[in-house]
Amino acid sequence: MWSEVFHSFLSIALELTLLFIGISFLINLLQAFIPYKKMERVMEKSHPLVSAFVALGFAFITPFCSCSTIPVVVNLLNKKVRFGIVMIFLFSSPVLDPTIITLMMAVLGVKVAFAYTVITSLLSVIIGFALEKFGFEEQIKNVVVKGYQEPDKKFQLKAAFIETLQLMKSVYPYLLIGAFIGAFIHGAVPTSWISTFLGGDKWWLVPIAAIIGIPLYIRLSTMIPISQIMIAKGMALGPVMALMISSAGASLPELTLLNSIFKKKLVFAFVGSVFTMSTISGFLFYII
């Protein structure tokens with residue numbers, strides 16, 4: 001068994017490493033061409049739908065985890081960017097990571113990656129505007145961010161290489177952990193067990209997976225290899241995606257940070273929104 005786990009781990013880790021390094025380097029190389037300041041001005045002054053689209057684009061090109069999104073959120077709020085637009089960025093930034101979506105495309109297929117991107121984008125927009133409509137803007141504390149600097153990058157290979165190394169230090173260990181867990185599941189957990197208890201169209205698996213994912217701090221880079229093995233062994237795509245989205249969209253460290261800038265009512269609304277987003281996404285993946 002352990003021989004199979006080891007060989008499976010090497011195979012998964014090597015494939016994901018090559019993809020991760022290549023895509024991360026390319027994204028960092030292109031950062032110099034991204035007009036961050038202009039995008040912030042557009043989000044602040046344009047039509048709500050235009051601003052929402054820009055917020056999604058801003059979320060896509062800023063590959064932050066849920067916790068590192070918070071300083072940017074505070075910066076946007078301090079600049080008086082519309083509340084609903086900031087919420088769209090808050091919900092979409094942790095889940096719309098170009099590197100992870102590329103990995104998802106390679107591991108789970110183009111159809112799944114495309115559906116994931118569309119579903120999470122639409123739900124982020126709907127939830128963001130819904131929170132604004134229900135008056136949650138009043139639940140923001142007066143906070144001034146300190147130490148945040150807007151990106152100021154120059155187009156050069158050395159800078160892109162250095163940033164790729166920094167990203168590797170912070171994210172790559174999670175990818176290896178995910179690869180090992182995936183390899184262990186592949187070699188040690190019987191396919192019949194997964195297909196019996198986690199497979200099929202059991203609707204209740206989706207909300208349970210969403211609830212389990214929220215308190216965890218699991219990066220999508222960890223979940224990609226795990227989800228690949230779980231799906232291959234018979235686990236339904238719906239609960240897998242619900243777990244991925246809820247664990248990426250919220251975590252206990254992030255909720256602690258949000259509690260410093262949001263009042264309790266908005267923090268609870270955020271948790272409920274992440275649960276709703278991941279649950280609806282999970283159900284939608286049942287019909288894909």
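Helices here are DSSP runs of H or I with at least four residues, and strands are runs of E with at least two. By that count, this predicted model has 14 helices and zero strands in its chain. Read from the N terminus, the order of elements is α-α-α-α-α-α-α-α-α-α-α-α-α-α.

Start with the chain as a whole. It has 288 residues, and 51% of them are buried. The chain exposes about 13700 Å². Carbon and sulfur atoms supply 70% of that area.

Next, go inside. The largest nonpolar core holds 70 residues. Which of them touch the most other members? They are Met104 and Phe262. Helix α7, spanning residues 110-133, gives the most to this core, with ten residues.

Charge pairing comes next. Side chains of opposite charge can pair when their charged atoms come close. How many salt bridges does a search of the whole structure find? It finds one. The side chains of arginine 82 and glutamate 132 meet there, at 2.5 Å from N to O. Arginine 82 lies in the loop between α4 (70-78) and α5 (83-92), while glutamate 132 is in helix α7, so the pair ties together parts that are 50 residues apart in sequence.

Are the two partners buried or exposed? Buried means under 20% relative accessible area, and exposed means over 50%. Arginine 82 has a relative accessible area of 34%, so it is partly exposed. Glutamate 132 has 18%, so it is buried.

Finish with a helix pair. Two packed helices are described by the angle between their axes and the distance between the axes. Helix α10 covers residues 205-213, and helix α14 covers residues 264-286. Their axes come within 9 Å and cross at roughly 145°. The crossing of α10 past α14 is right-handed. On the α10 side, Leu205, Val206, Pro207, Ala210 and Ile211 make the contact. On the α14 side, the residues are Phe275, Ser278, Thr279, Gly282, Phe283 and Tyr286.

Definitions and conventions:
Residues numbered from 1 in each chain as written. Predicted model: local features only at pLDDT ≥ 70, side-chain atom pairs only at ≥ 80, totals over all residues. Heavy atoms only, no water. Buried < 20%, exposed > 50% of the residue type's maximum accessible area, 1.4 Å probe, protein only. Areas by Shrake-Rupley, 256 points an atom, 1.4 Å probe, with all protein chains shown as cover. Core = buried A, V, L, I, M, F, W, Y, C linked by side-chain atoms within 4.5 Å. Salt bridge = Lys/Arg side-chain N within 4 Å of Asp/Glu carboxyl O. Axes fitted to C-alpha atoms, helices over the stretch in contact; angles between N-to-C directions. Left-handed = near helix turned anticlockwise from the far one by under 90°. Contact = heavy atoms within 4.5 Å.
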